[in-house]
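Student: Could you take a close look at the salt bridges in this model and walk me through them in one go?

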Amino acid sequence: MDLSQIDTALADHTGVILDASGITFADFMFLRLLLTTHQRTDLRIAAPSETIERLLAVVGADAFLRIYPTVDQAKNT
(Lines give C-alpha, C1' and ligand atoms only; values in the text may rest on other atoms or scores of the structure.)
Protein backbone atom coordinates (compact mmCIF):
# COMPACT_ATOMS: atom_id res chain seq x y z
CA MET A 1 0.00 0.00 0.00
CA ASP A 2 1.19 3.51 -0.70
CA LEU A 3 -0.17 7.04 -0.27
CA SER A 4 -1.73 7.09 -3.75
CA GLN A 5 -3.83 4.03 -2.85
CA ILE A 6 -4.85 5.71 0.40
CA ASP A 7 -5.81 8.88 -1.48
CA THR A 8 -7.95 6.77 -3.83
CA ALA A 9 -9.69 5.10 -0.88
CA LEU A 10 -10.30 8.44 0.81
CA ALA A 11 -12.06 9.79 -2.26
CA ASP A 12 -14.98 7.50 -1.37
CA HIS A 13 -14.50 6.90 2.36
CA THR A 14 -13.86 8.94 5.49
CA GLY A 15 -11.22 6.67 6.97
CA VAL A 16 -9.02 3.62 6.62
CA ILE A 17 -9.15 0.32 8.48
CA LEU A 18 -5.93 -1.65 8.18
CA ASP A 19 -6.28 -5.36 8.84
CA ALA A 20 -2.76 -5.92 10.19
CA SER A 21 -3.24 -9.56 11.18
CA GLY A 22 -1.13 -10.98 8.37
CA ILE A 23 1.76 -8.54 8.49
CA THR A 24 4.96 -10.37 9.40
CA PHE A 25 7.52 -7.64 8.64
CA ALA A 26 7.42 -3.91 9.21
CA ASP A 27 10.16 -1.33 8.88
CA PHE A 28 10.60 2.44 9.04
CA MET A 29 8.78 2.95 5.73
CA PHE A 30 5.76 1.03 6.98
CA LEU A 31 5.76 3.06 10.20
CA ARG A 32 6.02 6.28 8.20
CA LEU A 33 3.05 5.21 6.06
CA LEU A 34 1.00 4.52 9.20
CA LEU A 35 1.87 7.86 10.79
CA THR A 36 1.22 9.81 7.59
CA THR A 37 -2.12 8.08 7.13
CA HIS A 38 -2.99 8.78 10.78
CA GLN A 39 -2.34 12.49 10.20
CA ARG A 40 -4.49 12.57 7.06
CA THR A 41 -7.54 10.57 8.10
CA ASP A 42 -9.21 8.33 10.63
CA LEU A 43 -6.81 5.36 10.66
CA ARG A 44 -7.89 2.27 12.56
CA ILE A 45 -5.48 -0.63 12.91
CA ALA A 46 -7.26 -3.94 13.36
CA ALA A 47 -5.96 -7.27 14.64
CA PRO A 48 -2.28 -6.29 14.66
CA SER A 49 0.19 -9.13 14.47
CA GLU A 50 2.78 -9.51 17.20
CA THR A 51 5.30 -7.84 14.88
CA ILE A 52 3.14 -4.75 14.48
CA GLU A 53 2.25 -4.59 18.18
CA ARG A 54 5.95 -4.73 19.08
CA LEU A 55 6.91 -2.03 16.56
CA LEU A 56 4.17 0.34 17.70
CA ALA A 57 5.06 -0.21 21.36
CA VAL A 58 8.79 0.36 20.82
CA VAL A 59 8.24 3.73 19.15
CA GLY A 60 5.36 4.73 21.45
CA ALA A 61 2.83 4.95 18.64
CA ASP A 62 0.49 2.57 20.46
CA ALA A 63 -0.26 5.46 22.80
CA PHE A 64 -2.05 7.51 20.14
CA LEU A 65 -2.96 5.23 17.23
CA ARG A 66 -6.40 3.64 17.25
CA ILE A 67 -5.80 -0.10 17.61
CA TYR A 68 -8.56 -2.71 17.78
CA PRO A 69 -8.42 -6.46 18.43
CA THR A 70 -10.61 -7.29 15.41
CA VAL A 71 -11.72 -5.79 12.12
CA ASP A 72 -15.35 -5.89 13.27
CA GLN A 73 -14.53 -3.83 16.35
CA ALA A 74 -12.64 -1.32 14.20
CA LYS A 75 -15.67 -1.02 11.91
CA ASN A 76 -18.20 -0.63 14.71
CA THR A 77 -16.40 1.93 16.84
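Tutor: Happy to! Helices (H or I, at least four residues) and strands (E, at least two) are DSSP runs, numbered from the N terminus. This is a predicted model, where local features need pLDDT of at least 70, side-chain atom pairs count only at pLDDT 80 or more, and totals for chains, interfaces and linings use all residues. Residues are numbered from 1 along each chain as its sequence is written, and side-chain values use heavy atoms, with hydrogens and water left out.

Now to the charges. Side chains of opposite charge can pair when their charged atoms come close. A salt bridge here is a side-chain nitrogen of Lys or Arg within 4 Å of a carboxyl oxygen of Asp or Glu, and the structure holds four of them.

Let's begin inside helix H3 (residues 50-59), where arginine 54 and glutamate 50 sit four residues apart, about one turn of the helix. These two form a salt bridge, with 3.3 Å between the closest N and O atoms. For exposure, buried means under 20% relative accessible area, exposed over 50%, and partly exposed in between (1.4 Å probe, protein chains only). Glutamate 50 has 59% relative accessibility, so it counts as exposed, while arginine 54, at 46%, is partly exposed.

Another salt bridge joins aspartate 7 to arginine 40, whose closest N and O atoms are 2.4 Å apart. Because aspartate 7 lies in helix H1 (residues 3-12) and arginine 40 in helix H2, the pair ties together parts that are 33 residues apart in sequence. Both partners are partly exposed: aspartate 7 at 36% and arginine 40 at 41%.

Next come the strands. Arginine 66 and aspartate 42 meet through their side chains in a salt bridge of 2.6 Å, N to O. This pair links distant parts of the chain, 24 residues apart, with arginine 66 in strand E3 (residues 66-68) and aspartate 42 in strand E2 (residues 42-46). Arginine 66 has 32% relative accessibility and counts as partly exposed; aspartate 42, at 25%, is partly exposed as well. A network of salt bridges links Asp42, Arg44 and Arg66.

Threonine 37 has its place in helix H2 (residues 28-40), and its 3% relative accessibility is why it counts as buried. Leaving aside residues up to four places away in sequence, threonine 37 touches Leu3, Ile6, Val16 and Leu43, where contact means heavy atoms within 4.5 Å.
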